Amino acid sequence: KNEKLWGGRFEQSLERWVEEFGASITFDQKMAEFDLKGSIAHAKMLGETGIIDKQDSETIIKGLEELLIEYQQGKLVFDVSNEDIHMNMEVLLTEKIGSVAGKLHTARSRNDQVATDMHLYLKYHLNLVSQKLNHLREVLVSLATKHIETIMPGYTHLQHAQPISLGHYFMAYYSMFTRDSERFTFNMKHTDISPLGAAALAGTTFPIDRELTANLMDFSEIYTNSLDAVSDRDFILEFLSNASILMMHMSRMCEELILWCSNECQYITLSDTFSTGSSIMPQKKNPDMAELIRGKTGRVYGDLMSLLTIMKSLPLAYNKDLQEDKEGMFDTVETISVSIDILAGMLETMTVNEEKMLYSTEKDFSNATELADYLASKGLPFRQAHEIVGSLVLECTVAGCYLQDVPLTRYKELSPLIEEDIYDVLQSQTAVKRRNSFGGTGFEQVLHQIDLAKKELSVG
Ligand code: ARG
């Protein structure tokens with residue numbers, strides 16, 4: 001005899017270790033509240049449509065509601081021999097209200113049930129992730145506002161290229177996180193769909209009301225095809241893809257924060273509350289949290305690759321492989337949620353060493369484009385200007401000085417177009433301020449981006 005809920009056609013039972021291999025309760029209990037919410041909606045619908053007695057439906061709902069409270073109080077004990085969250089709940093309900101609990105699974109399968117739980121879980125967490133992202137975006141806008149006129153070296157190839165506004169830098173990431181946020185919003189469209197009522201794969205002979213259960217669970221739509229409803233994991237793949245792109249953005253930013261607090265740069269100092277020390281080297285203050293976000297990016301990519309691989313050859317409809325869809329999703333939800341908070345916290349509490357940043361734009365040739373542009377704006381073909389400035393840079397490198405140190409007499413020899421005002425043009429502050437083309441790093445442009453961002457954030 002086999003004691004399982006599905007034991008009828010079996011003569012023997014699974015050995016414990018085999019049972020453990022097949023069970024998901026150790027992790028799918030994260031969906032407990034969503035599972036109960038889905039069951040309550042289903043039970044209501046069964047009563048409303050007369051598929052089961054109103055009285056039975058009410059008894060079941062009451063039992064489920066009690067289980068919900070007991071779960072929230074940490075009182076429910078799950079058992080591996082009941083395999084997953086769905087069967088554990090059914091067993092607990094049976095213990096509570098007796099055999100009438102057996103009516104709950106009418107016109108339902110664990111296949112549409114688990115899909116429903118996943119949709120509910122992700123819907124809930126997509127909202128939380130968006131809120132966290134909004135906070136991060138707000139932090140970036142407020143930092144940008146504070147640092148419109150803070151000058152830092154802008155890089156290409158990790159070489160000093162042209163000076164930029166630190167506010168401009170922050171707003172670049174603001175734009176990336178805004179797109180990330182939009183991707184999650186779009187993801188919601190494919191998550192906010194109810195699979196409940198697809199049953200095992202083919203629908204059911206019972207006169208169920210899928211609109212009603214969808215409404216009760218706050219889903220905006222229902223799947224139109226039952227095979228699709230129980231087999232689709234696109235909404236999770238989209239989430240993992242979006243999360244991967246988000247992590248990539250956060251990782252890039254963290255990489256820069258790590259470089260910026262190196263001895264070589266010293267552009268920023270991270271707060272003690274987000275840094276750690278070394279067990280051997282007493283002087284160390286390490287940007288561990290930024291490094292961890294960079295590292296955790298690998299986990300999230302892994303979760304995406306894992307699910308893509310799980311899905312790639314699955315015939316329709318449900319296959320047990322699909323049980324492997326959960327841990328990656330949970331892991332990614334938890335990883336991105338805490339990473340967003342940590343990044344926001346790190347940014348909010350760090351100190352920007354403005355003089356260091358500015359100084360580093362003065363001990364370089366990042367104003368070379370200014371000189372070339374100066375000549376070009378006075379009518380010299382840009383190519384010729386480029387050539388003149390290039391050879392002057394070489395001359396300075398040999399002499400151990402910078403463009404701003406070159407005397408006016410030498411400038412006059414190079415080109416009679418050069419006047420005394422060149423020394424102002426060569427200043428980093430001036431260089432940044434004057435880069436006022438739309439979307440550029442000029443102060444006015446950065447302010448414009450900030451204004452747009454504030455409007456975006458207030459709309460939500
Ligand atoms: N624990 C299972 C999962 O996570 C639930 C669905 C089981 N369905 C089935 N036909 N075995 O996928």
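Predicted model: local features only at pLDDT ≥ 70, side-chain atom pairs only at ≥ 80, totals over all residues.
1. Domain layout. Three domains make up the division of the chain: domain 1 spans 7-106, domain 2 spans 111-356 and domain 3 spans 360-459. Between the C-alpha centres of domain 2 and domain 3 the distance is 38 Å.

2. Contact between domains 2 and 3. On the domain 2 side, 23 residues take part, and they are in contact with 19 residues of domain 3. Four elements each give at least two residues to the side of domain 2 that touches domain 3: helices H6 (110-146) and H7 (166-191), and strands S1 (151-156) and S2 (159-165). By residue type, this side of domain 2 holds 11 nonpolar, 8 polar and 4 charged residues.

3. Dimensions of H19. Helix H19 runs over residues 443-459, 17 residues in total. From first to last C-alpha it reaches 25 Å, close to the 24 Å expected at 1.5 Å a residue.

4. Buried side of H19. Which residues of H19 are buried? They are Gln445, Val446, Gln449, Ile450 and Ala453. These residues lie on the same side of H19 because they cover an arc of only 140 degrees around the axis. The partners against which the buried residues of H19 pack are H6, S2 and H7. H6, S2 and H7 are also among the elements that supply the side of domain 2 touching domain 3.

5. Exposed face of H19. Turned away from the buried side is a face with the exposed residues Glu444, Asp451, Lys455, Ser458 and Val459.

Notes: Residues numbered from 1 in each chain as written. Domains from an automatic or database assignment. Contact = placed C-beta atoms within 7 Å. Nonpolar A, V, L, I, M, F, W, Y, C, P; charged D, E, K, R; others polar. Expected span 1.5 Å × (residues − 1). Buried ≥ 20, exposed ≤ 12 C-beta atoms within 10 Å, placed from the backbone. Arc of directions from axis to C-beta.
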